[in-house]
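Reader: Hi! Could you walk me through this model before I set anything up with it?

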Amino acid sequence: MKTRTIFIAAAAIALNLTLGKFASVLTLPVYIDCIGTVLAAALLPLLPAVTVGLGTSLLAGVIVNPFYPPYAATQAAIAMVAYGLSRTGAFKRWWTALLGGYVIALTAVVVSAPVTVLLFGGVTQSGTTAINAVFLAAGKSVWQSVLRGSFIIESIDKPTAAIITFLVLRRLPSYLKPAERLTANRQDAPTTQPTADA
Amino acid sequence: MHNSDDKSCSIPAGAALIWTIGTMATGAAISGPRASAWLALLTCAAAAVLTNGVGVLATICRVTLPLAAGLLVVHGVVNPSFPSTVTWFGWFHLRESGLSYAVTLSGRLCIIAAGLLLWRYTKRTHVLAFFQSIGIPTRALCMLAIAGTSLSLFASRGRAVQLAQQARGLDLKATLLARFVALPRLVVPVVTASLIDAEHRGVLMEHRGFGRQGLVLPDRWTATAPATTVSKVLIALLPPIAAVAVRCLQ
């Protein structure tokens with residue numbers, strides 16, 4: 001793993017853990033805790049991208065909430081799917097990014113459902129729990145309720161993350177984008193721009 | 001995972017890992033509300049003793065009680081797959097088996113929370129040194145360490161962007177659709193600036209020789225003794241031992 005990859009991956013982990021505050025500031029029904037993972041998948045090789053997902057869950061488990069680590073597999077799956085999507089050009093147009101967001105949402109629902117049902121009994125975030133309870137009261141099983149309730153929330157959250165990834169990738173300088181990163185000699189890359197804390 | 005020099009609440013990383021694995025195995029093996037409640041109480045008490053204080057108990061309650069309340073309502077009242085034992089007003093059902101299930105799960109969550117919260121009482125440098133000694137790649141550890149130290153920087157950058165956008169007319173109490181549209185105005189500048197900054201730092205560190213001959217942790221990171229073979233074997237054997245012990249006790 002190159003030094004620059006380590007720093008970008010670390011930034012992606014930190015973004016995963018800090019961007020959620022914007023959703024709470026705007027009181028939106030999303031978590032946006034996977035933008036860093038999706039971006040890492042778009043900018044870095046597969047292994048660092050998966051490490052970003054796993055690292056986010058572990059670090060969040062220590063810093064934010066101890067119930068994050070059980071969902072580490074979800075973050076890893078998101079990284080793998082987003083990596084595949086980015087290599088097929090899904091984040092080059094807004095509508096393919098939106099469709100890709102739904103694919104990521106479906107993956108996240110399927111991978112996280114066993115953890116939500118078996119470990120948490122179908123109860124996690126307050127909003128999702130309320131939707132799950134409605135489905136349960138309507139006579140659905142716990143599995144059906146969790147799958148449906150999670151998909152409702154994830155179908156808002158993950159496409160939002162994918163659209164933001166598309167917007168960020170459009171605004172990033174060319175030397176940070178995957179195609180340019182693969183070339184060995186970068187012409188426009190910064191050489192030394194010392195920051196105050198570097 | 002804190003970085004202070006306060007020795008009073010510093011737990012060795014190896015002990016924290018053994019504790020976490022043991023509690024996870026206990027949580028996985030547990031069944032029945034009575035055993036779950038007792039083991040949760042014992043685990044919380046042990047966590048309080050290990051951390052030399054009751055602060056950990058407050059944190060366990062803060063993260064577990066909302067989930068426990070949700071479980072009690074969802075399975076003890078709402079979930080029709082559990083038979084109703086008491087009915088009030090013709091519509092309010094109390095489900096005894098659902099309540100038992102909720103108590104079992106709540107106890108398990110309490111044990112898991114106690115298992116993971118102990119890491120907040122370890123020293124960051126010792127944790128990194130310990131994980132390096134048991135074979136975790138140094139680059140992955142560096143990634144986590146850099147991410148952990150970047151959090152406050154990113155949070156302050158996010159706050160600055162939020163204030164700037166509010167000064168430009170961003171309304172935090174607009175309609176739901178308007179707030180959704182406003183989200184990229186807050187997130188995109190923070191993400192873009194953070195990634196460019198990370199790239200610059202990476203280039204800078206690369207030019208300084210970081211990682212050229214393999215990553216070597218500074219001396220202050222390797223202050224603790226590396227994991228011994230005995231502790232590695234103990235870590236590996238702990239899950240089945242704890243699981244069998246819990247099953248035998250129930």
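**A chat about the model**

Author: Happy to. Let's start with one residue: B:L141 counts as buried because 20 C-beta neighbours lie inside 10 Å of it. Buried means 20 or more other C-beta atoms within 10 Å of a residue's own, exposed means 12 or fewer, and partly exposed is in between, with C-beta atoms placed from the backbone. This is a predicted model, where local features need pLDDT of at least 70, side-chain atom pairs count only at pLDDT 80 or more, and totals for chains, interfaces and linings use all residues. Residues are numbered from 1 along each chain as its sequence is written, while chains are lettered from A and ligands numbered from 1 in the order in which they are written.

Reader: Thanks! Where is the place of B:L141, and which residues is B:L141 in contact with, leaving aside neighbours within four places in sequence?

Author: B:L141 sits in helix 6 (residues 138–167) of chain B. Helices (H or I, at least four residues) and strands (E, at least two) are DSSP runs, numbered from the N terminus. Leaving aside neighbours within four places in sequence, B:L141 is in contact with B:L128, B:F131, B:Q132 and B:I136. Contact here means that the C-beta atoms of two residues, placed from the backbone, lie within 7 Å.

Reader: And chain B as a whole, how many helices and strands is that?

Author: Chain B has eight helices and two strands, running α-α-α-β-β-α-α-α-α-α from the N terminus on. Of its 250 residues, 39% are buried. Among the contacts in chain B with a separation of 6 or more, 78% join residues 24 or more positions apart.

Reader: At what angle do helix 8 of chain A and helix 7 of chain B pack?

Author: Helix 8 (residues 142–171) of chain A and helix 7 (residues 176–207) of chain B pack at about 50°, with their axes 10 Å apart. Axes are lines fitted to C-alpha atoms, for helices over the stretch in contact, and angles run from 0 to 180 degrees between N-to-C directions. The two helices are therefore oblique to each other; under 35 degrees counts as roughly parallel, over 145 as roughly antiparallel, 65 to 115 as roughly perpendicular and the rest as oblique.

Reader: Nice. Which residues meet there?

Author: A:T160, A:I164, A:L167, A:V168 and A:R171 meet B:L183, B:P184, B:V187, B:V188, B:V191 and B:T192. The residues of this contact of helix 8 of chain A with helix 7 of chain B are eight nonpolar, two polar and one charged.

Reader: What pLDDT does chain A average?

Author: Chain A averages 85, and 88% of its residues score at least 70; pLDDT is the predictor's confidence in each residue, from 0 to 100. Residues 182–189 of chain A are below 50, and this stretch has six contacts in the model beyond near neighbours in sequence. Where pLDDT is low, the predicted coordinates should not be read in detail.

Reader: Last one: is A:I32 buried or exposed?

Author: A:I32 is buried, because 22 other C-beta atoms lie within 10 Å. Its phi is near 35°, a positive value in a residue other than glycine.

Terms used
Ala, Val, Leu, Ile, Met, Phe, Trp, Tyr, Cys and Pro count as nonpolar, Asp, Glu, Lys and Arg as charged, and the others, Gly among them, as polar.
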